[in-house]
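Reader: I have a model open and would like to talk through its packing with you. Could you take my questions one at a time?

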Amino acid sequence: MKTTYYFKRIINDKVKLCIILLLFFIMVADLLPQLQFLPVGGRAYAPDFSTFLSNNLLTQFLFFVKWFLPLWLMLVVSDDIMEDYTTGYRNILISKFGRKKYMRVTVLRGFVFSFLLIFIALMLNFLLAHIIYKGCSGSIMDEVVSTFNKNHLLVRSMEKPTQTNLIYIFAFSVLSGLIGAGNSALALAIHKRKFTYPLAFFIWFILINISPTILTATQPFVEYDLDYVLRAFIISVSVYIIVIIAAYVKERKYAQI
């Protein structure tokens, strides 16, 4: 089951390709609103506070990507699993590689492709921010940070903004990878789009609406401390690991019937 085959399958699908291009367009367009401040004495935010995840500009792009993240990843990475079930091509793959390998590779592919898609997109945004806004020094958090203890996560983040951005980019990419793996596991176990898509979105909807919410935990330079961020991240990671295991067990039992 070659990786190049799945990559070509994504590229040759117009819907998948459009979503990928839209994501990369958003990463570029998110940097544009504060261009108007560049000629005015460098009033634009510093590069590390202009990135997509920092959300200092309060654009709608972050909402559009984060709230519907499972939907985008399902369409790009996991939808073909259900298509293969419908067409019967899945049976050919299972007979060729074995059921265990097919399931293992499918879930792993969901993680790797989702991780790389989000990581590359966020790194593009990060690098462009450092190119476009090099020399700018503005920050929306300057007045707020003085009210916190020097050991608070916000204070430490402000001291090393570049490292903070890179850590959050990696963490959000890992989470995206787990979402992709979870989506793939659900697609393997449920097979039908009318059930898989709502369930995938419902799981994410719960995680972004509970406290601690994963939305805030994946945004650098916020007022929450490390304990809050870690709890939100651990809860989300645990949920998707449980989803993957449960879906895997369900599909294995289904195959034995």
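Reader: By class, what kinds of residues make up the lining of the largest cavity?

Author: This is a predicted model, and in it the lining of the largest cavity has eleven nonpolar residues, with no polar and no charged ones. The residues that line this cavity are Ile19, Leu22, Leu23, Ile26, Phe64, Val65, Leu69, Trp72, Leu73, Leu117 and Ile118.

Reader: And which elements give two or more residues to that lining?

Author: Those elements are helix 2 (14-29), helix 3 (61-67), helix 4 and helix 6 (99-132). Helix 2 gives the most to the lining of the largest cavity, namely four residues.

Reader: How much space lies in the largest cavity, and how many cavities of 30 Å³ or more does the count come to?

Author: The largest cavity holds about 90 Å³ of space, and the count comes to three cavities of 30 Å³ or more.

Reader: Switching to helix packing, how do the axes of helix 4 and helix 9 cross?

Author: The axes of helix 4 (residues 69-87) and helix 9 (residues 161-190) come within 9 Å and cross at roughly 40 degrees, and helix 4 and helix 9 are therefore oblique to each other. The crossing of these two helices is right-handed.

Reader: Which residues meet there?

Author: From helix 4, Leu69, Pro70, Leu73, Met74, Val77, Ser78, Ile81 and Met82 meet Phe172, Ser176, Ile179, Gly180, Asn183, Ser184, Ala187 and Leu188 of helix 9. Sorted by class, that contact of helix 4 with helix 9 has eleven nonpolar, five polar and no charged residues.

Reader: What about helix 9 and helix 10, at what angle do their axes cross?

Author: The axes of helix 9 and helix 10 (residues 193-209) cross at roughly 145 degrees and come within 10 Å, and helix 9 passes helix 10 in a right-handed crossing. On the helix 9 side the contact is made by Leu175, Ile179, Asn183, Leu186, Ala187 and Ile190, and on the helix 10 side by Phe195, Thr196, Leu199, Ala200, Ile203 and Trp204. The contact of helix 9 with helix 10 has ten nonpolar, two polar and no charged residues.

Reader: Last one: how do helix 5 and helix 6 pack?

Author: Helix 5 (residues 89-97) and helix 6 pack at an angle of about 115 degrees, and their axes are 7 Å apart, so helix 5 and helix 6 are roughly perpendicular to each other. Arg90, Leu93, Ile94 and Phe97 in helix 5 meet Arg99, Lys101 and Tyr102 in helix 6, and the residues of this contact divide into four nonpolar, no polar and three charged.

Terms used: Residues numbered from 1 in each chain as written. Predicted model: local features only at pLDDT ≥ 70, side-chain atom pairs only at ≥ 80, totals over all residues. Heavy atoms only, no water. Axes fitted to C-alpha atoms, helices over the stretch in contact; angles between N-to-C directions. Parallel < 35°, antiparallel > 145°, perpendicular 65-115°, else oblique. Left-handed = near helix turned anticlockwise from the far one by under 90°. Contact = heavy atoms within 4.5 Å. Nonpolar A, V, L, I, M, F, W, Y, C, P; charged D, E, K, R; others polar. 1 Å grid on protein atoms, 1.4 Å probe; cavity = no way out; pocket = protein on both sides within 12 Å on 5 of 7 lines; lining within 4 Å. Points joined across faces, edges and corners; volume = space filled by probe spheres on them.
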